[in-house]
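This report describes a predicted model.

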Amino acid sequence: MGQVNESLAKIIEKINQNPKAQSVFITNIAGKDVDWEMSFQFNLNNEDPFFIEIINRKAILSTGTKSNAVVVMSGDPEAIVRICNGKGDFTHAISREQVNVEQGKVMDVIRLTRAITIVLKA
């Protein structure tokens, strides 16, 4: 397990214990709350691939490749470690081309960033 994977594991544990962070994973559609189900594949330089799934307002970190991931990202693992340490966010990492969104919507990545930011400020 690489450093980025370990850093994200700590963040995900905190997300799963923080109702405010979990509320980011709820979408209100026509007055009805719907759980946001999403998957993020990380293919980072010099790191084993891993992915995060959001299911039932919980984040799950798994090793390997999720073939049908909605969002696929690649790039510098140090950028992700900095995000986990509160020294940046995905928006800046993407704009500086440290992290590339190869598939999916950047807005979905920003939504994940909101949950990370909530636990870092807690």
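## Packing around helix α3

The buried residues of α3 pack against helices α1 (3–15), α4 (90–95) and α5 (106–121), and against strands β3 (38–44), β6 (71–75) and β7 (99–103). Those buried residues are Pro77, Ala79, Ile80, Val81, Ile83 and Cys84. Helix α3 spans residues 77–84, and because 6 of its 8 residues are buried, it is largely enclosed by the rest of the structure.

## Ends of helix α3

At the start of α3, aspartate 76 places a side-chain oxygen within 2.9 Å of the backbone nitrogen of glutamate 78. Following the helix is glycine 86, which has a positive phi, near 75°.

## Fold and dimensions

The protein contains 5 helices and 7 strands. Their order along the sequence is α-α-β-β-β-β-β-β-α-α-β-α. The radius of gyration is 13 Å, close to the 14 Å given by the globule rule for 122 residues, so the protein is as compact as a globular protein of that length. The C-alpha trace spans about 45 × 30 × 25 Å along its principal axes.

Of the contacts between residues at least 6 apart in sequence, 60% join residues at least 24 apart.

## Burial, surface and charge

Buried residues account for 42% of the 122 residues in the protein.

Methods:
Residues are numbered from 1 along each chain as its sequence is written. This is a predicted model: local features need pLDDT of at least 70, side-chain atom pairs count only at pLDDT 80 or more; totals for chains, interfaces and linings use all residues. Side-chain values use heavy atoms; hydrogens and water are left out. Helices (H or I, at least four residues) and strands (E, at least two) are DSSP runs, numbered from the N terminus. The radius of gyration is taken over C-alpha atoms; the globule rule is 2.2 Å times the number of residues to the power 0.38. Buried means under 20% relative accessible area, exposed over 50%, partly exposed in between (1.4 Å probe, protein chains only). Contact means heavy atoms within 4.5 Å. A polar contact is a pair of N or O atoms within 3.5 Å; within protein, one must be able to donate a hydrogen and the other to accept it, and residues adjacent in sequence count only if both atoms are side-chain atoms.
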